[in-house]
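Reader: I would like to learn how to read packed helices, domains and ligand shells. Could you take me through an example?

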Amino acid sequence: MPAPYDKTNPFAARLVARRRLSSPASQKETVHFSVSLDGSGLTYKCGDSLGVFPTNAPEAVEAMLRAGGFTGAEQVLIPKDPAPLALREALARRLALNGPTYKFVQLLHDRAGESDRARLAERLAEPDPERKKAWIEQREFIDLLEEFPTARPSAQELVESQRRLMPRLYSIASAPALHPGEIHLTVAVVRYETNGRRREGVCSTYLADRVRLGEADLPVFVAESHFGPPADDATPIIMVGPGTGVAPFRSFVQDRAARGVRSPAWLFFGDQRKDHDFLYAEEWAEHLRTGALTRLDTAFSRDQERKVYVQDRMRENAAELWRWLSSGAFFYVCGDAKRMAKDVDAALHAIVAEQGGMTPEATAQWVKQLKKDGRYQRDVY
Ligand SMILES: Cc1cc2nc3c(=O)[nH]c(=O)nc-3n(C[C@H](O)[C@H](O)[C@H](O)COP(=O)(O)OP(=O)(O)OC[C@H]3O[C@@H](n4cnc5c(N)ncnc54)[C@H](O)[C@@H]3O)c2cc1C
Ligand SMILES: NC(=O)c1ccc[n+]([C@@H]2O[C@H](COP(=O)([O-])OP(=O)(O)OC[C@H]3O[C@@H](n4cnc5c(N)ncnc54)[C@H](OP(=O)(O)O)[C@@H]3O)[C@@H](O)[C@H]2O)c1
């Protein structure tokens, strides 16, 4: 029997569909992907994620080779790897092109000609820690190689300064009961600018721009998760998933639709603008009609002057939310970890305190117990 596919032995999957979800007038680029698992023997559960091994954009690799004065044919050994390989291959598949550290700046200093050495020494001696941090964060390896053209590390020194290119995880947006041989993803494509240069997120643009439809060459694995729907179908569920955070809830609701589950299910969805960013709007309408979803509250942050977020909708419905929670509902949050998940957590605490008439200590204890019972689950990134 062939070895099962996993993170150490990814399956070369076929991308079978790619469809933009946000409108062309959106300020975001949110894309739906369907990946076929045909021939892999892989299975998945609602709540699991798909791991994807990306490669860097060929133009970015060529630009970096040019900037460093390399041909690409130089043989290099990635630390802890058994065999050497060509620098071009290492940069394309194995190493991150972003995230240089001051250790690399020091190396450039040690390899630089007179003019660059003085400027590099100045950078290394920057006394303000905030400014020092911001300067390096604004730069990728190519910026440094171009800004200090006399500083020429060897190919091997460059490779030893880079981090490994890691797989990215994506919450699965389909349910196995409806799509047993297929995995759907909802991906926000990362494009931004720093230090006057356009940057691209490696994996989101790999999926959006570089993976060829229909070819079996997308390396993936299924990452199991503890995040998942309640074992008892009768349990009510509250799902908070703004932006791409809605992905696992599409899976939960598809599963309910496929298996005829019609217990209470409440989704809070938010994004920038209703006309441009209402992900899967028609699907939610159909699920509301059948009862696979029983309630939907939306928060479109940029459709009015004042920002409105999912936690505002939670607060507006505090009494009802509290009724659901006190009757045993599970509470799920997925999406941005830095701001959204924290604010939603604060809103949950405020609702429990106000509606349950609890002190801050009793509230904290109540929410802690909710988590302990597996009734407060988060999938945040
Ligand atoms: C469990 C889990 C589930 C996830 N599910 C999803 C999902 O369903 N959908 C989804 O889209 N993502 C999801 N993610 C995030 C996903 O794994 C990737 O992190 C994301 O796609 C970005 O990867 P990338 O390779 O395109 O970007 P990278 O090359 O990793 O670049 C991202 C980095 O770029 C920098 N950056 C980004 N924007 C800016 C900016 N405006 N200004 C300055 N710097 C910036 C930041 O340093 C950021 O860390 C999930 C993550 C986890 C851990
Ligand atoms: N730069 C950052 O700090 C940051 C943070 C999160 C995500 N991102 C990027 O955005 C992409 C992910 O996009 P996504 O579609 O998953 O979601 P998203 O764009 O982060 O947000 C979806 C919705 O959540 C709103 N939102 C913003 N802050 C919030 C908060 N504190 N509480 C509740 N809702 C909040 C957004 O409103 P507004 O946008 O109108 O405020 C938007 O309406 C990724 O590419 C990621 O790199 C960046």
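**Helices, domains and shells**

Author: The crossing of α14 and α15 is right-handed. A crossing counts as left-handed if the near helix is turned anticlockwise from the far one by less than a right angle, and as right-handed if clockwise. The labels follow DSSP runs numbered from the N terminus: helices are H or I with at least four residues, strands E with at least two. This is a predicted model, in which local features need pLDDT of at least 70, side-chain atom pairs count only at pLDDT 80 or more, and totals for chains, interfaces and linings use all residues. Residues are numbered from 1 along each chain as its sequence is written, while chains are lettered from A and ligands numbered from 1 in the order in which they are written.

Reader: At what angle do α14 and α15 pack?

Author: Two packed helices are described by the angle between their axes and the distance between the axes. For α14 and α15 (residues 360-372) the angle is about 120°, and the axes are 9 Å apart. That angle makes α14 oblique to α15. Axes are lines fitted to C-alpha atoms, for helices over the stretch in contact, and angles run from 0 to 180 degrees between N-to-C directions. Under 35 degrees is roughly parallel, over 145 roughly antiparallel, 65 to 115 roughly perpendicular, and the rest oblique.

Reader: Which residues of α14 and α15 meet?

Author: Contact means that C-beta atoms, placed from the backbone, lie within 7 Å. From α14 come Leu-348, His-349, Val-352, Ala-353 and Gly-356, and they meet Pro-360, Thr-363, Trp-366 and Val-367 of α15. By class this contact has 6 nonpolar, 3 polar and no charged residues. Here Ala, Val, Leu, Ile, Met, Phe, Trp, Tyr, Cys and Pro count as nonpolar, Asp, Glu, Lys and Arg as charged, and the others, Gly among them, as polar.

Reader: How do α1 and α2 pack?

Author: Helix α1 (residues 58-68) packs on helix α2 (residues 87-94) at about 135°, with the axes 10 Å apart. That makes α1 oblique to α2, and their crossing is right-handed. Pro-58, Val-61, Met-64 and Leu-65 in α1 meet Arg-88, Leu-91 and Ala-92 in α2. This contact divides into 6 nonpolar, no polar and 1 charged residues.

Reader: Which domains does the assignment give?

Author: Domain bounds come from an automatic or database domain assignment. For this protein it gives domain 1 (11-54 + 167-223), domain 2 (58-161) and domain 3 (237-380). The C-alpha centres of domain 1 and domain 3 lie 24 Å apart, and their contact takes 21 residues from domain 1 and 19 residues from domain 3. On the domain 1 side, strand β7 (residues 182-188) gives the largest share, 4 residues.

Reader: Which residues come nearest to ligand 1?

Author: A residue is near a molecule if its C-beta atom, placed from the backbone, lies within 6 Å of it. Ligand 1 has 19 residues around it, of which Tyr-192, Gly-201, Cys-203, Ser-204 and Tyr-381 come nearest. Strand β6 gives the most to this shell, with 4 residues. Domain 1 and domain 3 each supply at least three residues of the shell.

Reader: And how many residues surround ligand 2?

Author: There are 22, and the closest are Gly-243, Thr-244, Ser-301, Tyr-309 and Arg-339. The elements giving two or more residues are β12 (265-271), α12 (310-316) and α14 (340-356). By class, this shell has 6 nonpolar, 9 polar and 7 charged residues.

Notes:
Contact = placed C-beta atoms within 7 Å.
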